[in-house]
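Dear colleague,

I am passing on the structure below, with notes on what turned up in it. Please read the notes with the coordinates open.

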Amino acid sequence: MRYYLNRLGRALLTVWAAATVTFVLIRLMPGGPITQLRGQLAQQGYSAQQIERRLAAAKSRMNLNPDASIPQQYVEYMLSLAQGDLGTTINPKYMTGEGPRTVASLVAERLPWTVFVMTTATILIFAIAIVWGAIVAYSEGSRFDKGSSVLGILLGSVPFYVMAFALIIVFAYGVNLSVFGVNVGQYLDLFPARNRMTQRLLGPERGTLEFLLEVLHHAALPIASVVIVQAGLQMLAMRANSIQVLGEDYVRVARLRGLPDRRISTRYVARNAVLPMYTGFLTLIGFNIGGSVILEQVFQYRGIGLLMFNSIELRAYPVLMGVFLVFTVTVVVAILIADLTYSRIDPRVTTGESSEAY
Amino acid sequence: MKRTESDGGTGDAFTFDVESTVEVTTRERVVDFYEEFIYKPGLVALDDKRTAIGGGILVVYLLMATVGAWLYPEPTTNQVARGIQPFQTMDAPLGSTPSGVDILAQTIHATPDMFILVTSGAVFATGLAVLTGTVSGYKGGRVDAVITTLSDIAMSIPGLPLVMVLAVTLNPKHPAVVGVVLTINYWSGLGRAIRSQVLTLREEAYTEASRAMGLSTRRILAKDIIPNLMPYVLVNFAFAARYCIFSAVGLYFLGVLPTNLANWGLQIQDAYDRSVLVGTGPKYQILVPMITVAVFSLALVLLAQGLDRVFNPRVRTRMAGESESIDGEDESVTQAGGI
């Protein structure tokens, strides 16, 4: 029990420290929300007077006083954060008709899409890796094994955004395919290259089958570009684990006892080979959600990564802070779950403190 | 009088100082160094296909960064005709952009800065990881708790978003600084892995012997612990370098890093902004930097996979044909080494 409380306390400390670091960093960025808004308004052709009036109105709507000192702003922000208030944004790009929009609602609207894409991708990665790795391990040294290893390394060394471009080129626009001026054949027009829905507001109704199909259709390329790149490397890890387990004494004993092969491969080998990948799975979800910044820009997929990228450009501090906190909390919770549940999954591991100081 | 002097250790009394009595000439030392650090690893490296290919590709990139960048003209607008297709003229072998920039020139002149960026990032990340990992693993106790908490925090702040904010804030211009910014929290995960290795190393008999002799912690770390970690660290050096390229090109593509450097990421961004992906757009503009990045990172992955063997002392001596006892056991390897 004490261990759990200790671990939970550490997680909270981590979130607080990360929030502080990012708060300071964000305030140090050149140009603030007011400067940015002034520029935006000036571009839209407002007169100097109108701009000043609008800025004054915007300032009065901000929940933080932009003229206060940074420590003061920090205390105010942390106090409202403790009450679960992420603040509001004054940037017209994020505002709906009624006025300022709360960051919480903005994040809540975007986050599910990113989590959907990245969680689906990570689950697929591990499903493919575990099955593929196990099969490869049983035929160690065969041509299939060697080919798989080479393929895994080759795919694993392609950055996911490069894979994304390649997939867009091949699958998204149905025109003649010419690479370096040589006509290779016909492009496919199977999947959309951008956006999360065809129409932003007037799509099929939520919850219907058409809605689900359209969401999947649009998410196919983003998910595929992450899966293709990462599955091979995880397969290599699974292969190494399985080969190691296959050499263990208890597997040999199980064979000598005459247990059926199927039982040995699923209950003896697979279970023990998958164990070390469990922590990797949870941390990879967190890592991938952080990587959504680039992926969503490539596909113009309106998730939390694109929100973060846009709010850096707009210097929308509260939005940026909010997104950052969401990223951090995701990673912290993923690691926390991995740490707390690992001893349940693998009873051999008991949690202990490090001893002896030299 | 004499006695007190020798007590101070200046006489010929026994000391722990390791001073070899055999004279070693500089030449012998150079030959020795060549044998140990160039010839033998080279043998193993060339024997393993992965290191051979990876190293070969890396050499090509290095040549591109040095000789290529020196010989080949710099990219400027309108240096050739606009929108040339690749493999048409020798003026622009890989084609040109709609503003008349030679794509090959862009690609070549991006390599020197990329090398600086990648090296500085990887050195920073692995160096810091070794420092924190060994100290916290070996010292344990309170030092360990502090370092572990710090690396916990660094690990939980998502890398790419943090780097994006940092890049906008600091606006780093020099490629070496960009490299350090990119790996600002990469050290934490690696440091944690090194720490757990040190936890077992510190219980080894030879480490305990050094401790019993009263050697300083710094000396034990430098002489007993770190040499054992070297293979692992160097393999991860290659992985850190790959991470650097991934995020550097990605962030240049997003446009959050300053655009003063010629860069593959900027080439991709430029092509993407001209929407070359749509319809019959000139795909080669985005394909060239894409392939360049992918091949570079492939070389590093291959190196990382093969380096493992290079640092295995058993494989190394066997290949150099020095250890006869193992020679007979594994003929295939000896034969391969002989070629």
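How many residues does the contact take from chain A and from chain B? The contact takes 46 residues from chain A and 45 residues from chain B, where two residues are in contact if their C-beta atoms, placed from the backbone, lie within 7 Å.

This is a predicted model, in which local features need pLDDT of at least 70 and side-chain atom pairs count only at pLDDT 80 or more, while totals for chains, interfaces and linings use all residues. Residues are numbered from 1 along each chain as its sequence is written, and chains are lettered from A and ligands numbered from 1 in the order in which they are written.

The interface, chain A side

By class, the side of chain A that touches chain B has 33 nonpolar, 11 polar and two charged residues (Ala, Val, Leu, Ile, Met, Phe, Trp, Tyr, Cys and Pro count as nonpolar, Asp, Glu, Lys and Arg as charged, and the others, Gly among them, as polar). With nine residues, α1(A) gives the most to this side. Among the other elements giving two or more residues are β3 (176–179) and α13 (317–345) of chain A.

The two chains

Chain A has 13 helices and four strands, and chain B has 15 helices and zero strands; these are DSSP runs, with helices H or I of at least four residues and strands E of at least two, numbered from the N terminus. Of the 358 residues of chain A, 35% count as buried, and of the 339 in chain B, 45% do (buried: 20 or more other C-beta atoms within 10 Å of the residue's own, C-beta atoms being placed from the backbone).

The core

The largest nonpolar core holds 164 residues, of which A:A164, A:L320, B:M164 and B:C244 touch the most other members. Such a core is a set of buried Ala, Val, Leu, Ile, Met, Phe, Trp, Tyr and Cys residues joined through C-beta atoms within 7 Å. Helix α10 (residues 217–254) of chain B supplies its largest share, 19 residues. Beyond neighbours within four places in sequence, A:L320 is in contact with A:I26, A:M308, A:S311 and A:I312.

A helix pair in chain B

Helices α4 (residues 103–139) and α7 (residues 175–182) of chain B have axes that come within 7 Å and cross at roughly 40 degrees. Axes are lines fitted to C-alpha atoms over the stretch in contact, with angles from 0 to 180 degrees between N-to-C directions. By class, the contact of α4(B) with α7(B) has nine nonpolar, three polar and one charged residues.

Regards

Definitions and conventions. Buried ≥ 20, exposed ≤ 12 C-beta atoms within 10 Å, placed from the backbone.
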